[in-house]
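Please open the structure in your viewer and keep the selection panel at hand.

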There are 2 protein chains.
Amino acid sequence: MSDKFDFNLNLRNLFSNTPRNFSDTEILYKNKRKTTYSKFFQKVNGLASGLSEIGVKQGDTVAVIDWDTDKYMEAYYAVPMMGAILHTVNIRYPPELIYYTMNHAEDKYVIVRDEFVPILEKNRQLFDFIKGWVVYSDDSETVSTSLGPNYQYNDIVKNEKYDFPDLDENTVATIFYTSGTTGLPKGVTFTHKNLFMHTLALANGINFAPINVGRTDNFLILVPMFHVHSWGIPYMALMNGNRYVLPGKYDVGTILELVKNENIKFSAMVPSILYMILSSPNLEEYREHLKGWKVVIGGAALPRGLALKAKSFGITTIGAYGLSETAPLLTIAIYNDALKKADEETKFNYSITTGIPVPMVNLRVIDKDMKDVPADGKSIGEIVVHSPWLTSGYFKDPQKTEELWRGGWLHTGDLAVIHQNGYISIVDREKDAVKSGGEFIPSLVLENAISELKGVGEVAVIGKPHEKWGERPVAFIVRSEPIKDGDVYDHLNKFMDVGRIQKWWIPDEIVFIDSMPKTSTGKADKKELRKLLK
Amino acid sequence: MSDKFDFNLNLRNLFSNTPRNFSDTEILYKNKRKTTYSKFFQKVNGLASGLSEIGVKQGDTVAVIDWDTDKYMEAYYAVPMMGAILHTVNIRYPPELIYYTMNHAEDKYVIVRDEFVPILEKNRQLFDFIKGWVVYSDDSETVSTSLGPNYQYNDIVKNEKYDFPDLDENTVATIFYTSGTTGLPKGVTFTHKNLFMHTLALANGINFAPINVGRTDNFLILVPMFHVHSWGIPYMALMNGNRYVLPGKYDVGTILELVKNENIKFSAMVPSILYMILSSPNLEEYREHLKGWKVVIGGAALPRGLALKAKSFGITTIGAYGLSETAPLLTIAIYNDALKKADEETKFNYSITTGIPVPMVNLRVIDKDMKDVPADGKSIGEIVVHSPWLTSGYFKDPQKTEELWRGGWLHTGDLAVIHQNGYISIVDREKDAVKSGGEFIPSLVLENAISELKGVGEVAVIGKPHEKWGERPVAFIVRSEPIKDGDVYDHLNKFMDVGRIQKWWIPDEIVFIDSMPKTSTGKADKKELRKLLK
């Protein structure tokens, strides 16, 4: 990057046109505040000026602790564009993990919403490495706190243009933490180039049937901003000028009101959020406003039962797949060529799979010797990938990084099959896989089948140690209507009869529970379920 | 590019999914041959194997001399992907310039269609630097030639997989020559990264109102493949799976038949091609098939009169702008935010301007001190740009390269105004500008005004030396109906009355000519017109 004609793929350069082209497009924070793109970028300049004045320098890490707000959005742009690193703190973690990740990330400054101040104050003696706290509130001009040194957000923000540097594209832009099935959270970092390329891929990837997300669709993203940059959508939306609504703390009532009042046409979320929305007791009142809503589901497989319920309200759901380590987009279940002449039923079935890789994602499904498994819809292998937006590895953890990138490919740890027509179906997390008699039982396929039984709210299948078979499957079910073991077995037998599942996959036990334990990102917590079994 | 997680932005990696996702999508060569994406990529492999076997190595330059054919398309992929450099020879040049550019580019191998063999044979003693000629014909299996050593295309193509290398993204992929207003043609080179990023920008840029080009639109591109990679569309189309029709040698009859029979919905061309099409005597027969055709016009300004005629057939035209040096896309006249509430007339007027920059293009209009001129729709300055797909400079010409990139920005040599709403209007080429009494007369604005008079076929305005004023404008007109000087002046006076042009801009002379002299890329040849004046 020395020649004058080189162009750094950094966030500043990605948005050089945005304020001019889409000057009047709105960014909303619930029904509380509203701004336009041109004013938003003025605020981004003002925030960068303010942060610079309190001491933030290139390379410093700035944490944000907030719900999904307009202030968070400003930090998404200001912090990386000034050359600092944005740490999106997982606010669903218990306080000790919040502390652990902030310490591990070497945070220097923190932007924090008033509600989160008390839990930080409780442990303020631990945070001696923080050089400045920037506090704010929705409800009052100032926030008083014993954390120090502290600054009021509104005081530091300047009304001036900030001269953002032309950063080397390999400068780290963001860090956040991801929980594995074991051990402490691991930090993943992304560079400006990673985010830049992901933005382009995302814009292209969601603009295909059946969702065809375009410029005039209003966005309401229900993937937390602390979680993989809300799947990168806050960057993609502003590149293309989409009206953007931020929901604050997630609440089904607020979400439904926003969908109605702001004419929302595109959203992204994990299945459990969609499940919550579609379980709302007053859903019927919103029926006419839900029609035409396009929803990308990721983070976990999209259960067929849930997709069918969405469809009955005129909502188009579509599966997508990625990891924290992959920024996240890898695949999306848009229609490819092979479905051109397919009937609606077939198309629907493929639209809830893992999908097909978006451009620039080189995706393979491999066996233990790193050889591709046949694309026959049956042979199970691990998904490995390469693309321009993958993390270079785990922060300060060379050993796990080495493992992640072994053989020059990023190992997802997800087990999948490739169908003849190019679609991929994930059948399990490698670590969640149930191995019975030396063979994999694809728990996601089983969960999917069970989810279609009326009365099943949520379901998760795990393996229980078994003397003879190694492991045998157990299904945990949260009921939405009173059903019994026998109903589930009758239902599964029907699936067996038509060949969708095999006889030896049928769970040995059905356990009904009152609520599904969840990870901080809203997936079924299989670690917790395993503890329950013991 | 040493770490294993780095991802080279090269063509091989851009198309890793294409053959699987869009396996059955068709590529057609007129009504002569038809293939599918999956077979096309097999042929690309076969061609690379064949070229490799006859001696083509990484870094070698391979020229192609052909009309727009499927064979050319194979070379577009095979040659750069194997690490060689594709030279797209301008077949509209006279033989001496063809020789000059092939010699200057240091071509080593040539792929050539039978029709072009005789002109090469005539000068075969000059081509001693060519190590191999690959010849083919549409009509016969073999082509005999005195050029040597020679190979039959069909003989060298293998039926095998070629192991394309993972090239460094800064490897040169293509070279072609561009004619300035003076001097010999200059060679411009583009790297894999340039083409990769341009493809992404293009896919995003054309997917906005009023054209909204999507996956299901069939493409017929009428920008020659020798000219700025057909504006990069052969790469963009295959990334997104668009059915692609290649027209061979341009012929209005064939074009209209293809639009009809292949249900063409998207095209790109220079204004003179659109003019030719809309002047076809049997155009009315195609009326129903022209409806819904979306046409991007570049290479020269889109005259309002031509856009209006297109509109009367239900064709949506839209302006775009770029140079050979910029790969080419810089701006496109899609609707931005400011036109959201505009009436149809206003929208139409902006859709034929130069447009707004596409994402990743940082575009400024500057004065002589490189300061931005005000965005007032009046202040004229030069367009300078930066983006990830600009040429690094002219091949073997450090001095002109230095001039092109002075001050760290690529100087387009185009004079323009920026309107308050962000749209740009080019008013002149710097070298074509008419300067009268120390002030610019924007010849494109004048040409546009004249083009709206019924009876004006084509028009070009140039400056004629004038003792008192320095220069005064002269208009050259090709008539489509019998009109006279007086009609033109009456027409221009009306434009003056409403303030669209100024009194002192009105040409001193009107010259009617039988046909417009054209450059090799189909623009009005103002150099020739200046000669005519003398």
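What rotation superposes chain B on chain A? In this predicted model, select both chains and superpose them: a rotation of 180° with 0.0 Å of shift along its axis brings chain B onto chain A, with an RMSD of 0.1 Å. That is the relation of a two-fold axis.

Next, display the interface residues of both chains. Of the interface residues of chain B, 100% are also interface residues in chain A, so the copies meet through the same surface.

Now hide chain B and turn to a sheet in chain A. Select β17, β18, β19 and β20 of chain A: these four strands form an open sheet in the order β17-β18-β19-β20, with antiparallel pairing. At the edges lie β17 (362–366) and β20 (424–429) of chain A, each of which pairs on one side only. On average, neighbouring strands of this sheet are turned by 45° against each other, direction ignored.

Centre the view on Leu363(A), whose bridge partner in β18(A) is Val385(A); then move to Val365(A), which has Ile383(A) as its bridge partner in β18(A).

Finally, show the side chains of β17(A). Which of them are buried? Leu363(A) and Val365(A) point to one face and are buried.

How values were computed: Residues numbered from 1 in each chain as written. Chains lettered and ligands numbered in written order. Predicted model: local features only at pLDDT ≥ 70, side-chain atom pairs only at ≥ 80, totals over all residues. Least-squares fit on C-alpha atoms with pLDDT ≥ 70 in both. Contact = placed C-beta atoms within 7 Å. Pairing = 2+ DSSP bridges. Helix = DSSP H or I, 4+ residues; strand = E, 2+ residues; numbered from the N terminus. Axes fitted to C-alpha atoms, helices over the stretch in contact; angles between N-to-C directions. Buried ≥ 20, exposed ≤ 12 C-beta atoms within 10 Å, placed from the backbone.
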